[in-house]
Amino acid sequence: MNDPYQRSAEYIDILIAEAWGFFAPGLAEALRGLSGTTGVTVDLGAGSGRGVAVICAALPDDSPVLAVEPSPSLRAVLLARAHEDVRLRERVTVSPTDALGTPLPDHIRALVAMNMIGHLSPDDRQVLWGRAAPRLVPGGGVILNLSPPTSPTHIARSRMSSRKVGDLTYEGWASAEVVGDHQVRWHMTYLVQRDGQPVSELVVEYDWWVLDEAELGKELAEHGLTTRRTGPPDAGMYVATRN
Ligand SMILES: C[S@@+](CC[C@H](N)C(=O)[O-])C[C@H]1O[C@@H](n2cnc3c(N)ncnc32)[C@H](O)[C@@H]1O
């Protein structure tokens, strides 16, 4: 599998930290709002594990988590995060698989897919919903976000995030071009600077499938799930539960 994070993984955790300040309360609220209280919470495309930490904090200590992460370099950060905190180590299983290749638990409390659904084509999503929906425990749900753009749209280059660690400042810049009816291509630049002077620059590109709220709701309805917004306004977060 092509891994768009192979070269950028070292920057992902620090540059997504600010966004998680926004997503964490929404994810915790959505998890606690589910009436299903048994089964495994699956974090699909868990990345560096920020969502996993939120899941563990939101749910009871005996509630298991399966963190699915195909990128070896991001998985290294995830595994370190899961190992470092004993409350995570005892309940988080890290799987080196991807969304379609991972063996899903028979009983799923929540299927979480934060900041990742654009990596799946419409056909892949259909397969995923077909596998996941019947495994949701009664009252379980799918929780995900649709990050903008939700339709094929040109996005002008802008700075997404900036963090200072020691003497160095790390910046993530992004732009997107339309490459298909349902696809954009993100151009990501990771810029490291010292005292305003460039130290290094990495450019990474990857394609991203876009969909909007109506398309998501229709897809999930075909698998017996009802979708509603959750989280802070403008978070683009949704929870889908069985009808
Ligand atoms: C932008 S990162 C988000 C990571 C994490 N969910 C977060 O919000 O911090 C997208 C993640 O999706 C993962 N990913 C890409 N393709 C995937 C696939 N086919 N199945 C599962 N995960 C995938 C990437 O490896 C990466 O960890």
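Contact here means heavy atoms within 4.5 Å. The model is predicted: local features need pLDDT of at least 70, side-chain atom pairs count only at pLDDT 80 or more, and totals for chains, interfaces and linings use all residues. Residues are numbered from 1 along each chain as its sequence is written, and side-chain values use heavy atoms, with hydrogens and water left out.

**View 1. Two domains of the protein chain.** Domain 1 covers 9-146 + 211-242, and domain 2 covers 155-209. These bounds come from an automatic or database domain assignment. The domain centres, taken over C-alpha atoms, lie 24 Å apart.

**View 2. The interface of domain 1 and domain 2.** On the domain 1 side, 17 residues are in contact with 16 residues of domain 2. About 1,300 Å² is buried between the domains, 69% of it from carbon and sulfur atoms. Buried area is the accessible area (1.4 Å probe) that two parts lose on being put together, summed over both. Tyr11, Leu15 and Gly118 of domain 1 lose the most area to domain 2, together 45% of what that side buries.

**View 3. Polar pairs across the interface.** Two residue pairs are in polar contact, both at pLDDT 80 or more. A polar contact is a pair of N or O atoms within 3.5 Å; within protein, one must be able to donate a hydrogen and the other to accept it, and residues adjacent in sequence count only if both atoms are side-chain atoms.

**View 4. Helices on the domain 1 side.** Helix H1 (9-33) and helix H5 (122-132) each supply at least two residues that touch domain 2. H1 gives the largest share, six residues. Helices are DSSP runs (H or I, at least four residues), numbered from the N terminus.
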